[in-house]
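I opened this model to look up a few local features and to note each one with the criterion behind it. The entries below are kept in the order in which I went through them.

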Amino acid sequence: MKLPGIEDKTILRPGGDKHHIPNPEYGEFWQAFYEFLLKNFTLSCPLTGDISGRINPYFGNFGFRFQATTKTARYFHLGLDINAKSKTPVQPIASGVLEYSGFGHINGNYVFLSHPTIKTEDGFVLHSLYLHLRSLDVGFNSYQKMLRKISFNKHPNILIAADQKIGEVGSTGNIAGIHSHLHLQVEFRNESGKIVVIDPARIFKLAPQENLTATVENEAEFKEIFSRKSLELKKMGIDKYWKL
């Protein structure tokens, strides 16, 4: 069972980098695409319990937001930020193959998986990333890293089960306003290297939400939110975004 082809139903992420996102002009197609994905493949939340009330409403949804670190308006966020306590176990959204486990300056400790059984008719394969982890429970040993390097990351293949712990929630990497959360990114990649990032909320049957900072145009407006919502922001644990 393959998903419909997607290559001609995407646009470049606003801002002009290499990532593509669903083209909003094809809203009906993408609605049907998510429904087909959920009907034919088993996808699970990486954290236990209901996450609907744990997504950062100011910055954590897929889509435009005010970028607190650079004070940039209309920055397009590619993932889903789920607030959780440090050390909370993280599991994959589906069984798959380990592509990378390690540290990056921006991503912190992160895990990158491919899910080869979930692919589109035009050759895109589902991948998932789990960023800012406190610790990693999967990885390659030194010998396996050498084999991966000489095989251009083709071998060995380490299979990851759907119920396997891959790490723990943390706050590593370059995070605006240090607080523990999981950044989940879900994307389709083809052999040419094209990346199409989709909204993770949709695969958990959650309605897409606009970030509450999506329309903030400048730092003054950003600070004004804190003056009105300081208690709420402190309760949510994201007040440090305003104190950078």
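**Basis.** I am working with a predicted model, in which local features need pLDDT of at least 70 and side-chain atom pairs count only at pLDDT 80 or more, while totals for chains, interfaces and linings use all residues. Residues are numbered from 1 along each chain as its sequence is written, and side-chain values use heavy atoms, with hydrogens and water left out.

**Arg65.** I looked up Arg65 and found it in strand S3, residues 63–67; helices (H or I, at least four residues) and strands (E, at least two) are DSSP runs, numbered from the N terminus. Arg65 has a relative accessible area of 10% and is therefore buried, the classes being buried under 20% relative accessible area, exposed over 50% and partly exposed in between, with a 1.4 Å probe and protein chains only. Its side chain reaches the backbone oxygen of Phe59 at 2.9 Å, and a polar contact of 3.1 Å links it to the side chain of Gln67. I take a polar contact as a pair of N or O atoms within 3.5 Å, where within protein one must be able to donate a hydrogen and the other to accept it, and residues adjacent in sequence count only if both atoms are side-chain atoms. Leaving out residues up to four places away in sequence, Arg65 touches, among others, Tyr58, Thr72, Asp81 and Asn211, contact meaning heavy atoms within 4.5 Å.

S3 runs antiparallel to strand S4 (residues 72–77), joined to it by four bridges; two strands pair if DSSP finds at least two bridges between them. Phe64 stands opposite Phe76 in S4. Which residue between the strands takes a positive phi? I found that Lys71 does, near 55°, in a hairpin with four residues between S3 and S4. With a relative accessible area of 29%, Lys71 is partly exposed.

**Helix H4.** I then checked helix H4 (residues 219–236), which spans only 21 Å between its end C-alpha atoms, whereas a straight helix of 18 residues would span 26 Å at 1.5 Å a residue; the expected span is 1.5 Å times one less than the number of residues. H4 has a kink of about 90° centred on Lys229, the bend being the angle between axes fitted to the seven residues ending there and the seven starting there. The buried residues of H4 are Phe222, Ile225, Ser230 and Leu233, and S3 is included in what covers them.

**Cores.** The largest nonpolar core has 41 residues, with Ile93, Tyr130, Phe188 and Ile203 having the most contacts inside it; such a core is a set of buried Ala, Val, Leu, Ile, Met, Phe, Trp, Tyr and Cys residues joined through side-chain atoms within 4.5 Å. Helix H1 gives this core its largest share, five residues. Apart from this core lies another, of eleven residues, including Phe66 and Phe222.

**Backbone angles.** Most residues other than glycine have a negative phi, and most peptide bonds are trans. His132, in strand S9, has a positive phi of about 65° although it is not a glycine, and counts as buried at 8% relative accessibility. I also noted a cis peptide bond between His155 and Pro156, with omega about -5°.
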